[in-house]
Structures are given as C-alpha cells and as structure tokens.
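The following exercises guide a new reader through one structure, step by step. Each task is followed by a worked solution.

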Amino acid sequence: MSTIHIESLLKKVEKPGRYIGGEFNEIRKDHAAAGTTFAFAFPDLYEIGMSYMGMQILYNIINHEESLLCERVFAPAVDMEKLMREEGVPLFALESKTPVREFDVLGFTLQYEMSFTNMLNMLDLAGIPLHADERGADAPLIIAGGPCAYDPEPLADFVDVFLIGDGEESLPAFLKLYGEYKAAGKSRKAFLQEAVKIQGVYVPRFYEPVYNEDGTLKEVRKLYDGAPDRVRKAMVQELDLAEYPVKPLVPMIEIVQDRAVVELFRGCTRGCRFCQAGMIYRPVRERSPEKIFAIADQVTKNTGQDEMTLLSLSTSDYSHFEEMATDLIDLCTERHVGLSLPSLRLDSFSFKVLNEIQKYRKSGLTFAPEAGTQRLRNVINKNITEENIFSSVRQAIELGWKHIKFYFMMGLPGETLEDLDGIADIAQRVMQLNREMHVAGSSRFNVTVSVSNFVPKAHTPFQWAPQDADFTEKHDYLSAKMKIKGVSFHYHDDPVSRLEAVFARGDRRTGYFLEQAWKNGCKFDSWSENYSAEGWQKAEDAFREKYGYGTDFYRTRERSYEEVLPWDIVDCGVSKAFLMREMEKAKEAVTTDDCRIRCNGCGVNTWAKCPLEGIHG
Amino acid sequence: MARYYLVFSKNGYAVYTSHLDMQRFFKRAFARAEIELAFSNGFNPHPKMSFAQPLSLGYSSQSEYLEFQTKEQMPAEQIKSRLAEVMPEGIGILRCVQLPDNGKSLAAMCVAASYRIFIRWDEDEMGCRADKFDMRGFLDQKEILVLKRMKKKKEPKEIDIKSKIREIEWAAQDNIIIMSTKLDAGSDSNLSPDLLIQAIGRYTGAVIPPENVEISRVDMELDGLNQ
Ligand code: SF4
C-alpha cells in the first residue's frame, strides 16, 4: 500500500476540504490486516456523495466486518482533476490516501444516469483500464450498484459485477467471498463463478446479447451455465435487523444535505406508474417506531447535528406516522434540533405537525400533483385530486404559509396541451384563492411551479413508452401561459433529460455512446456549465457511424410488449405481466388502488413477504 | 450562564477547514459533548460562541481562541475533557478557562499574533539562494508596500505594512527560510502573514506561490486576558 502526498495540490484548489477525509466518526483500518479492501466510489462531488445515506449505511456495515475495509472516494472537481493529471497523481481514497487502483475491489454507486461519464473518468484518473476485458488480475475488480444498476447494460462493458438490490447483506457476503478466494490464490474466474450464487449478483461477461437487424435484442445467450437466467434483486426483508449507521460521518465542510437522516421505510404502496423507485423497492418494509426513535436519539447525540430529516418515498404513509412524528418532535424540541418532514400528504394532522415544527419560520409547502388534469393524473396513477390540492392550499393560506411549490412533469404518456393548460390553471387559481381569502400579508404570497421532463424508466409500466420529442415546444407553450403575477416558473433543460432517457433504457451498445462522450471530455453533465453539447453530438455521430442508427432508437421509440428488453436480465421482483396490466390501464386512464387497500398482484409477494398488503382493505 | 474560553490547535488535514466551517464544527462538537450553549434571543437564535481571530484556510495553529457561554455553570476541566473526546483527528483541545461574566470579548482583546512561517525558496525565481536573501534590507526599507484587496472595493489598494510587523527573526536552511514573526492582529491594526509573504516576493521581484509557503499560528496576544 502506498500513500499519496496531496498537500501541494490542496493549497491550489478551490475546496480542499473535499479531499481530506478525517471527519468525525471516520473509520480507519489497517490495509495489511484486511482480507478484502474495498473503495466505495460516488461518481460526483464530495458534497453530493456525502449527502447520500446509502453510502453511509454500507460504509458502516462493511467496516464493522473484521476482515473487510471500506474507504471512500468521490469525483474530484474540475480544478482538482486538472492538477492531478498535470502532476500525475492518481485517484485516491480519502481515509488513507491510498491510490484506488491498489484496492481489491472498487465499487460505484449509480444514483443517476448523468453520473456515468464521471464513473468512466474516475476509472481513468485511477489508472484503471476502462473495459472489463482489458483489465488483468492486478486491477481492482470493478463493481456497481444503486438504482441505475436495474438496467445495467449501458455499463456492462466497464463493470465486472453488478450488485442489484439492497446491499446490506449481499455486499459484505460478496466481499468476504472475494477475500477467501484471494487468500486461497484462486482465479478471478473461479471467484465470479461462485459469486453468481449470491442473490443480486450479475456478471455481464457470463451473458452475450444477440441483436436483430433492426437493433432490437433477439436474445441473451448465457456463456456460463451456472449463471442465473435472470438475476433476482437482493432484498433486506426486516429493516429492523439491518444495521443502521448511528455514528455517521460528520463532514467538516458544508454538504448538500447537511443533516441527520433517519430512514423510515423502503418502498411505496402507491404505485405511481412513472416511478421507478415505487416499483424496484417493493415490497414496502417499515422500521418499527421504537427503532426509529432509538436511531434519531443516537444519531443526534453522536453527530451533534442540529437538523434532522426523515428518509422514505412518502413520509405520511408510514403506518405509525402520528405516533412517530409526535415522539420525534418532542425529542427534537428538547435537543434544539430542527426537524423536517419531506413528502408529506397534507391532511389535518400534517398541518398540525408542520405548524408545530415551523412555528417561527414557515418554509415552503410542497405539492407534487405531477400532472395538470385529473385525466392525466389517472393515467399516471397519481391519486391526488384537485379537491385535495385546493383544500390543503386553503388551509395552508389560513395558517399563514406564504410560499407554495408545485412539482409537475412534462411529456407524460398521453399528454395533450390541455394537460399543460391544467398546470397554468392550478397556479392561477391558487393565486386567486389567496386574493379572495384576505389573510394578513397576502401580498407576499407566491407560488413556484417546477416542471421536469418525463424520462421513461426500466421496470415501470411506462418502460415501453417513447420519450416525448417536443419538450422545447411545450416549454415555450407553457412559459407563455405561466406569465402570472406571483408565480415563478422553472423547467429543466431538455438535453440532459434526453440523455437520461437513452441510458435509463439502454442496451450494451449505448456503452459505446457513453465512452465516446467521455473521450470528448463530457463529465459532470448535469451541471450546465460543464455540459458539452458538442461532445455529446460527436458521440452521437460516432454511434450512428458504428451501428447505423441514432440513440433516438432508445429514447423516442415505442417498444412492443413482445420485445426482449435489455434490462429483462434483472428481476426486480415485480412481474412483467403486472407492468403490462398497468400500462393498459394507463391507456384507459384507469387507476389502481394503493396496495394498503388491496393487493394488485405485482408478484412481489410470490417470493417475499409483503407486510402491508391490504392492511386498510 | 457561565462564560469560558477554549484554546485549541489545528493541524494536519484539518487546516483545510475554513473559518465558517469551524463555527459549524464547534456548534456540533458542543452538542456531541452534551454541553449546552447559551443562545441569543430572537427569531433566529444562534449559540453564543465566537473566535478571537479567524484563521485563514490552510494555516495550522497551536493557539486558537474560542469564547463561549454555557447555559449551566460547569468545571472548565470537565468541558475540556468532554470536548477532547469528540474531536476528529487534527483538532486538539489544549485549555479551557472560565471568564468573568461581563468583560470585553476576546476579539476586542486580541492585539497581536505570532506565526512560524516556512518558505520553500525557489532560487531561480527569487534570483538568489535562501541564505543570500537580504532580509535586513527588506525590513529596513522606508516603507514596506503591498497590494491589499479592501472590503467591497474591487481595486486592490497599496498600503504600508512596516509598522504592523512587531518582531521578526529568520534563518535559512537548505533553501528554506524559516521565520518567527509577531504581527498586529486586532480590530485596530491587523496584518495577515500572506501580505508579509507578498511583500518579500515583491522585494525580490517575484511571486511566491502559496504551495511554497507553510504558516502556523503559534500564539496570540490578548490584552487583559489572564493567559
Ligand atoms: S404484492 Fe401486492 S400488495 Fe405487495 S406490493 Fe405487490 S401489488 Fe402491492
């Protein structure tokens, strides 16, 4: 093991605090004593990666295993990267400043598609060959996980092993097995053949895609008989038994989400048809109120953080929400900790709670109707009615809220201009309602409307749907309608949404597109100052040159139900038949009940326990 | 309520934690140590805690002063040992002393600070070997001029720092200049060691790059504080 000297670089970069480690609660272990050394990489800046709870969870679990060691690494900012390249400093891990290429295993967490170029860039900065088949036994084994691994194919040429699903059990098991094979001097191949027996392990080199002439998949040929036909995600059934980091790292520099985080549950029973998280994290698994309280208690003690937030897909769906919220408010008041409750459904209890925790400073209230008309909300199965929205808004205004945020999506399947008009209409009527109510300070009242571009995702009912081709026109159309006094309107640029759509449902060939873009200097693509339209265009040209079609093939083409999909190799637990049924219901604008009312037959309960099915039925 | 000051050191990678970050850091450290700070009143209460002097990013220090007020009186030794337990690598708790309730703030008492400075001397750039540098001549100039960026104004202004240099000693060794210096550090008159380095560079007609310089604050002079 070697240590890199970075002091001279640190004096020259904008934020040296990103590269030094040494945070309170950091865990340092001896490389020489570890059976397997693991570098955990987040392919984005420190401030972003450190805000991500999943990394803290796994960091903690792995380091608590005696034979394993885990250190962290993030994407260096552009200024640091430049210096590192000039001075020949390879990518290093924060804890020991060891080059990551000296670790046994290097793992990337893939939270969003636009971090893929950063991943390639980090491999390159580490001095590790990009392609799995160019790497020898001296290079670290490259693994990846996270939601984007549910369509692993765009990265299949670069990654040796994907770990799909919850990593709490599968990752340590995988790393320990690696250590055993290493100690016994066995080959990588032998290790991988054994590793596929761990649930959630996908080894791309054991499969070979065969394409039709039109570019669609014909079949996927298995190259090693012992590999599973489909890779079922790993899942932690009992969250209470999973170790949660009650001594998380406390960054010295400010990060994006600089607060204590308590995870309530995984999964969501609502079944919104656009939402990948709502499908791939099924079934809903809740932590017990006692455990949540104990975590909140210890985390605030062990970090000294003065803000706390709750993590889940929909806070107020938590079964013991009132009890839990009341207890946490007491705890936080006593400790002078600010509590935030994201993604609340605004019923009377929530208002009571919000009024309590935002006594002095009412931050904005957030609504996510996602679509502007009831018809389109039925299409996407977002079961929130106009009546829900307006009665909540009325209450909010009465209680003195001055700022309301709305989130919508644009380009949803079956969207028409009428649905866009609906967005403007809601904003207009909220402002109108405020004027009519004559509460004190009503002139300060304002509304923000944010519209994102819909990206169809793998393993959702909309996985067969094309992405809208007319974002720009629609943005212009809506912008004109949104010139309403007191309303500010934001939308996302479309180039990034287009690229997301390619990689969210890409096949192995899209890896070539990615690599070309990276070669053209693309990285940090979601930051507008870094986005290189030219780099991506050149990559598009190269792709078309090589395969004879452009990447719109992945983006704007409607797939048939019969088509073999690149991500079919991954079994997220939900059946394709269910997704098809949902897609058909979407076409008819028919809704599906919340799983708490009745089981909708998604298939998850055929192999796992679905604890909340039908509990309110 | 009780008032104290704390002396701590900052070394290793921790020197890359900014002044603002240190404020948040200590706020959390007190919470971890279960020492309840007194808070200001108002809509946006903040803990009563402040540094005698900010320390620039990248400087180490053997002597940083932080004053604070706790809600309850407790033995200073206990505060010291509790805080010491919740420090990350690089930050050391050296002393904790109780202060009279009413008195001048440490920031107002602070008048001077001592630094140890290492300059890696680039012979080609500077035009001479480290041990041949005419420090005496530099100090004996009628004026020692530097460009200082004044708050808010965009154009840097030329100022004379000569009177702000209280003491200075130096030695050269293998192309490194080692200096011990005491500079004004207070609200009336203040001199950042960076400006002194700039002035030395200017005297030789060169620019000394920041990565060639290491600065450590070794002491602080607080007028009227029983140190
Ligand atoms: S098994 Fe039934 S209740 Fe459980 S998530 Fe699937 S559809 Fe919902």
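Two residues are in contact if heavy atoms of theirs lie within 4.5 Å. The structure treated here is a predicted model.

**Exercise 1. Describe chain B as a whole, and state what share of its contacts with a separation of 6 or more joins residues 24 or more positions apart.**

Solution. Step 1: chain B holds 6 helices and 10 strands. Step 2: the C-alpha trace of chain B spans about 60 × 35 × 35 Å along its principal axes. Step 3: chain B has 227 residues, of which 48% count as buried. Step 4: among the contacts of chain B with a separation of 6 or more, 73% are between residues 24 or more positions apart.

**Exercise 2. Determine how many residues of strand β1 (residues 2-10) of chain B are buried, and which strands β1(B) is joined to.**

Solution. Step 1: a residue counts as buried under 20% relative accessible area. In β1(B), 9 of the 9 residues are buried, so the strand is largely enclosed by the rest of the structure.

Step 1: in a regular strand the side chains alternate between the two faces of the sheet. On one side of β1(B) are Ala2(B), Tyr4(B), Leu6(B), Phe8(B) and Lys10(B), and on the other Arg3(B), Tyr5(B), Val7(B) and Ser9(B); both faces are covered.

Step 2: strand β3 (residues 60-70) of chain B runs antiparallel to β1(B) and is joined to it by 8 bridges. Within this pairing, Arg3(B) has Gln69(B) as its bridge partner. Strand β4 (residues 91-99) of chain B is likewise antiparallel to β1(B), with 8 bridges, and here Leu6(B) is partnered by Cys96(B).

**Exercise 3. Give the strand order of the open sheet of 6 strands in chain A, and locate the helices that pack on it.**

Solution. Step 1: the order is β2-β1-β3-β4-β5-β6, and the pairing is mixed. Step 2: β2 (68-74) and β6 (201-202) of chain A are the edge strands, each pairing on one side only.

Step 1: inside the sheet, strand β1 (residues 36-42) and strand β3 (residues 105-109) of chain A run parallel and share 4 bridges. Phe40(A) stands opposite Gly107(A) of β3(A).

Step 2: helix α3 (residues 53-64) of chain A packs on the sheet and touches β1 and β2 of chain A, its direction making about 150 degrees with that of β2(A). Helix α5 (residues 116-125) of chain A lies across β1, β2, β3 and β4 (141-145) of chain A, at about 160 degrees to β3(A).

**Exercise 4. Identify the residues that touch the most other members of the largest nonpolar core.**

Solution. Step 2: leaving aside residues up to four places away in sequence, Phe174(A) touches Leu141(A), Ile143(A), Val161(A), Leu163(A), Phe191(A), Ala195(A), Ile198(A) and Val201(A). Step 3: a second, separate core has 67 residues, including Ile57(A), Phe265(A), Ala325(A) and Leu344(A).

**Exercise 5. Explain why one side of β15 and of β18 of chain A is left without a neighbour in the sheet.**

Solution. Step 1: the open sheet has 4 strands in the order β15-β16-β17-β18 of chain A, with parallel pairing. Step 2: β15 (365-370) and β18 (487-491) stand at the edges with a single partner strand each, so one side of each lacks a neighbour in the sheet. Step 3: from one strand to the next the twist averages 20 degrees. Step 4: strand β17 (residues 446-453) of chain A pairs with β18(A) in the parallel sense over 5 bridges, and Val451(A) stands opposite Tyr491(A).

**Exercise 6. Decide whether Ser526(A) counts as buried, partly exposed or exposed.**

Solution. Step 1: Ser526(A) is in the loop between α17 (510-519) and α18 (533-547) of chain A. Step 2: buried means under 20% relative accessible area and exposed over 50%, with partly exposed in between. Step 3: the relative accessibility of Ser526(A) is 43%, so the residue counts as partly exposed.

Technical notes
Residues numbered from 1 in each chain as written. Chains lettered and ligands numbered in written order. Predicted model: local features only at pLDDT ≥ 70, side-chain atom pairs only at ≥ 80, totals over all residues. Heavy atoms only, no water. Pairing = 2+ DSSP bridges. Helix = DSSP H or I, 4+ residues; strand = E, 2+ residues; numbered from the N terminus. Axes fitted to C-alpha atoms, helices over the stretch in contact; angles between N-to-C directions. Core = buried A, V, L, I, M, F, W, Y, C linked by side-chain atoms within 4.5 Å. Buried < 20%, exposed > 50% of the residue type's maximum accessible area, 1.4 Å probe, protein only.
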